[in-house]
Amino acid sequence: MPLVRYRKVVILGYRSVGKTSLAHQFVEGEFLEGYDPTVENTYSKIVTLGKDEFHLHLVDTAGQDEYSILPYSFIIGVHGYVLVYSVTSLHSFQVIESLYQKLHEGHGKTREVQADEGKKLAESWGATFMESSARENQLTQGIFTKVIQEIARVENSYGQERRCQLM
Ligand SMILES: Nc1nc2c(ncn2[C@@H]2O[C@H](COP(=O)(O)OP(=O)(O)OP(=O)(O)O)[C@@H](O)[C@H]2O)c(=O)[nH]1
């Protein structure tokens, strides 16, 4: 059975450029004539490409402009973007350039410690290394299951002798 991989894709662009129409046409197979400004909407679709299946989670956003601050949910855990402009609006074309810059700037904080450095330090202690983010809920379960497993492993190898395990 093929593995279904999850993909989150965010559609960005100026107001009324056709973001919703694109998403709706792709997911529902029809064109919407009317215009109803989007607050935020999500679509789900299983996409099969060759032997691979993807669970596509499309986020249709409210239109942005050059002053918009992109929320965290448009940055974190996102696998890809569709930047949309209208051929009848030069301004909407300029907006996607500014959105592209914003996506590259991220959220201001730059990394000062590389994962490799953490790994090296942990290795020098004989400890396990995991890089986690509570905000992104990345490895938060893994850290605590790993420390419990490690405690059990150390307990088993030393009988009932009590030792502290370092993560
Ligand atoms: N002619 C034409 N009109 C389109 C096309 N795509 C969208 N429209 C029309 O443009 C208008 C705006 O489309 P939407 O898809 O709502 O645009 P949007 O970018 O989602 O708008 P916001 O929610 O305000 O950001 C609607 O009246 C659509 O019918 C297209 O490819 N060609």
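The talk below sets values against definitions.

Guide: This is a predicted model, in which local features need pLDDT of at least 70, side-chain atom pairs count only at pLDDT 80 or more, and totals for chains, interfaces and linings use all residues. Residues are numbered from 1 along each chain as its sequence is written, and side-chain values use heavy atoms, with hydrogens and water left out.

Visitor: What makes the pair of Tyr 85 and Phe 93 edge-to-face?

Guide: Rings of Phe, Tyr and Trp (its six-membered ring) pair if their centres lie within 6.5 Å; planes under 30 degrees apart count as stacked, over 60 as edge-to-face and the rest as tilted. Tyr 85 and Phe 93 are 4.8 Å apart centre to centre, with 70° between the planes, so the pair is edge-to-face. By this rule the count comes to one aromatic pair.

Visitor: Why is Tyr 85 called partly exposed?

Guide: Buried means under 20% relative accessible area, exposed over 50%, and partly exposed in between (1.4 Å probe, protein chains only). Tyr 85 has 37%, so Tyr 85 is partly exposed.

Visitor: And why is Phe 93 partly exposed?

Guide: Phe 93 has a relative accessible area of 35%, which therefore also falls in between.
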